[in-house]
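Here is a friendly walk through one protein model, written for someone who likes to check geometry by eye. Please open the viewer and follow along.

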Amino acid sequence: HLYDLNGVKPVISISRNYPYGENFTHLLGYVSQANATDIEKNEKIKKNFVPGLKIGKVGLEKSFENKLIGTNDIERYEVNAFGRRISQLEFQKGEKGKTLKLTIDTKVQQLANELLKDKAGSICVMDIYTGSVIAMHSSPSFDPNLFVFGISQDDWQIIRNDPLKPLVNKTLQGNYSPGSTIKPIVALSALENGIINTNFTVKCTGKTEMYGQTYHCWKKKGHGFVSLRNAMKQSCDTYFYEIARKLGVDKLSKTAKKFGLGKEVFGNLFDIEKKGLVPNTQWKKNALGKGWLLGETMITGIGQGYIQTTPIQLCLMTAQIANGGYKIYPKILVDDENKNQPEDKYTPLYTNSKNIKIIQDAMFGSTNEVMGTSYRSRIDDPKYQFAGKTGTAQVKKITEKDRELDLKTFEIPYEERDHALYIAYGPYKNPRYALSILVEHGGNGSTTAAPMAKKLFKTIIDRHSLRESINNKRYLEI
């Protein structure tokens, strides 16, 4: 009826609604108006472009743009001089974009969002056998619906200027020192290379002197004589300085890379995913033009120094320790179940399976036995019981003055506080899920990150039979 409506012009547009708001923003991404660069870069967008077309800007919306975009209906009419339609000349039926099903469990994802409320950090949960990602949340988040029709200047400034950086996907883009969460890999590498056995003990006095440098343990007065199991349980730094020194950075680097550190977890699925960094002697020579120092090996042994990991890498590392030391490939799409599975899926990553069991047992002690660093976060019920390892990563060098002051976390300026980390898997008897938790400037892993795991495992395991009963049909439509 346009010919009757003077001055009226139709605007055809495509919309998208995100019912879960900020819960899935970093995973799904969002759609927004296509710009000149988007049109030029993608042949499919170029071909289907109409005014008002919305395209994926980040996340899975961008990764699966070509599957999701579909094609438009086309109608052509013959009109007279007044704009009245006389006859239809052509009609082409468009094609609906594909529906993609994700492995994400909405309830677990929402809980991850709640646990990280008002904090900067990441929570990842993964099936240790299939590699299905059950939750992957980066905090803080924002409402993707704001971007669909172009975000207002005020909303944009609020998001852009937030000091907790909501635009950064911390799960994939955040490079962090792993702190003590690297210790299971250091211990495993030392066992695999025959450097130590379970009876190997070290006397911890609270500090180690080496070439005029002092390397401190987190416990001022030291742990006394500790074996591998006790050192892992109480997270004794002195023990791990010593075994890293005996092991050497090159052997440690090899084991860490086998377990998924130092490379993208999702391959080329997300163009923003960072590789992290697992240093070795050759890397330093090439990158910095300097020789490797023994002191650098020692601090690498407690997850400090050059080593950098992403939260999703720590989750994959934990999953592969939990499943008995076998390679898996994480995935987010349900349809990826049996397609293009690499030949080396489930390849053993160990030389002796007993070594993996030793590490699993030490992680059990760390969470479920008195003196364990995450003992206060344990669950006694075998149905939910989990094994884990706390981590506290320094963000600045601790001076002698800092040691003397011995300030509590809340007394330290926010940006100088340590990052809090936790990795875990459960149920311990028949493990199925692994998780990694990172809270930026959260203080220490045992008080900030580990208690979150307790809540997560309850929900993850309570919903396990539901996820299984719908036979991997758990999905979120995008």
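This is a predicted model: local features need pLDDT of at least 70, side-chain atom pairs count only at pLDDT 80 or more; totals for chains, interfaces and linings use all residues.

Let us begin with an open sheet of 5 strands, whose order is 6-5-13-12-11 and whose pairing is antiparallel. Strand 6 (133–139) and strand 11 (387–393) are the edge strands, each pairing on one side only. From one strand to the next, the twist averages 5 degrees.

| Strand pair | Bridges | Sense |
|---|---|---|
| Strand 5 and strand 6 | 6 bridges | antiparallel |
| Strand 5 and strand 13 | 7 bridges | antiparallel |
| Strand 12 and strand 13 | 7 bridges | antiparallel |
| Strand 11 and strand 12 | 7 bridges | antiparallel |

Where strand 5 (residues 121–127) meets strand 6, methionine 126 stands opposite valine 133. Helix 6 (residues 106–115) packs on the sheet here and touches both strand 5 and strand 6. The direction of helix 6 makes about 25 degrees with that of strand 6.

Moving on to strand 13, the bridge partner of serine 122 in that strand is leucine 438. Strand 13 also forms a hairpin with strand 12, with 6 residues between them. Within this pairing, glycine 426 stands opposite tyrosine 433, and tyrosine 425 stands opposite alanine 434.

How many residues of strand 13 are buried? The count is 7 of the 7 residues in strand 13 (residues 433–439), so this strand is largely enclosed by the rest of the structure. Strand 12 (residues 419–426) is likewise largely enclosed, because 8 of its 8 residues are buried.

In a regular strand the side chains alternate between the two faces of the sheet. In strand 13, Tyr433, Leu435, Ile437 and Val439 point one way, while Ala434, Ser436 and Leu438 point the other way, and all are buried. In strand 12, His419, Leu421, Ile423 and Tyr425 point one way, with Ala420, Tyr422, Ala424 and Gly426 pointing the other way, and again all are buried.

A disulfide is a covalent bond between the sulfur atoms of two cysteines. This structure holds 0 disulfides. For cysteine 124, the nearest cysteine sulfur belongs to cysteine 315 and is 5.2 Å away. Cysteine 124 is buried, with a relative accessible area of 0%.

## Salt bridges and a polar contact

The count of salt bridges comes to 15. One of them joins the side chains of arginine 76 and glutamate 90, at 2.5 Å from N to O. Arginine 76 lies in strand 3 (residues 74–79) and glutamate 90 in strand 4 (residues 85–92), so this pair ties together parts that are 14 residues apart in sequence. Both partners count as partly exposed: arginine 76 at 45% relative accessibility, and glutamate 90 at 26%.

A second example is the salt bridge between glutamate 369 and lysine 233, at 3.1 Å from N to O. This pair links distant parts of the chain, 136 residues apart, with glutamate 369 in the loop between helix 17 and strand 11 and lysine 233 in helix 11 (residues 228–234). Is lysine 233 buried or exposed? Lysine 233 is buried, with a relative accessible area of 11%.

Arginine 378 and aspartate 380 form another salt bridge, their closest N and O atoms being 3.5 Å apart. Here arginine 378 counts as partly exposed at 23% relative accessibility, whereas aspartate 380 counts as exposed at 56%. Salt bridges that share partners also join Arg229, Lys233, Asp361 and Glu369 into one network.

Finally, look at threonine 373, found in the loop between helix 17 (353–368) and strand 11. Its side chain makes a polar contact of 2.8 Å with that of threonine 390. Leaving aside residues up to four places away in sequence, threonine 373 touches Lys233, Gln234, Ser235, Ser366, Lys389, Thr390 and Ser446.

Methods
Residues are numbered from 1 along each chain as its sequence is written. Side-chain values use heavy atoms; hydrogens and water are left out. A disulfide is a pair of cysteine sulfur atoms within 2.5 Å. Buried means under 20% relative accessible area, exposed over 50%, partly exposed in between (1.4 Å probe, protein chains only). Two strands pair if DSSP finds at least two bridges between them. Helices (H or I, at least four residues) and strands (E, at least two) are DSSP runs, numbered from the N terminus. Axes are lines fitted to C-alpha atoms, for helices over the stretch in contact, and angles run from 0 to 180 degrees between N-to-C directions. Contact means heavy atoms within 4.5 Å. A polar contact is a pair of N or O atoms within 3.5 Å; within protein, one must be able to donate a hydrogen and the other to accept it, and residues adjacent in sequence count only if both atoms are side-chain atoms. A salt bridge is a side-chain nitrogen of Lys or Arg within 4 Å of a carboxyl oxygen of Asp or Glu.
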